[in-house]
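Colleague: Please take a close look at one part of this model: the aromatic pairs. I would like a connected account.

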Amino acid sequence: MPHVEIKCFPGRSEEQKRNCAEKISEIIAETLGCKTSGVSVAIKEVPEDKWKEEVWEKSIIADKDFMFKNPGYTCD
């Protein structure tokens, strides 16, 4: 029962978010060997001025030991 949480800047349409969630769930199901019905995907919009505080520090830095794909940027 994989759950994925995507955080991004605002501005994507509901259709874009649905398409993204669908494609992500298909890839996860194929890669991890589960059914798409067992995959959940949340997409949370975070304003750019809150990114460092809400995402960089709380999700990227705090979970660095769990990261399998690191971003190619810093928030220093």
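Modeller: A cut-off comes first: a residue is buried under 20% relative accessible area, exposed over 50%, and partly exposed in between. Phe-9 has 33% relative accessibility, so Phe-9 counts as partly exposed. Keep in mind that this is a predicted model.

Now the pairs. Searching the whole structure gives 2 aromatic pairs. One of them joins Phe-9 to Trp-51. The geometry is edge-to-face, with 5.2 Å centre to centre and 80° between the planes. Distant parts of the chain are linked here, as the two residues are 42 residues apart. Phe-9 sits in the loop between β1 (3-8) and α1 (14-32). Trp-51 belongs to helix α2 (residues 51-61). Phe-9 is partly exposed, whereas Trp-51 has 12% relative accessibility and counts as buried.

Next, Trp-56 and Tyr-73. Their ring centres lie 5.4 Å apart. Trp-56 is buried, at a relative accessible area of 10%. Tyr-73, at 35% relative accessibility, counts as partly exposed.

β1 and strand β2 (residues 40-45) run parallel, joined by 6 bridges. Ile-6 has Ile-43 in β2 as its bridge partner. From β1 the chain passes through α1 to β2, a right-handed β-α-β crossover. Phe-9 lies in the loop between β1 and α1.

Definitions and conventions: Residues numbered from 1 in each chain as written. Predicted model: local features only at pLDDT ≥ 70, side-chain atom pairs only at ≥ 80, totals over all residues. Heavy atoms only, no water. Phe/Tyr/Trp six-rings, centres within 6.5 Å; stacked < 30°, edge-to-face > 60°. Helix = DSSP H or I, 4+ residues; strand = E, 2+ residues; numbered from the N terminus. Buried < 20%, exposed > 50% of the residue type's maximum accessible area, 1.4 Å probe, protein only. Pairing = 2+ DSSP bridges. Right-handed = clockwise from strand over helix to strand, strands pointing away.
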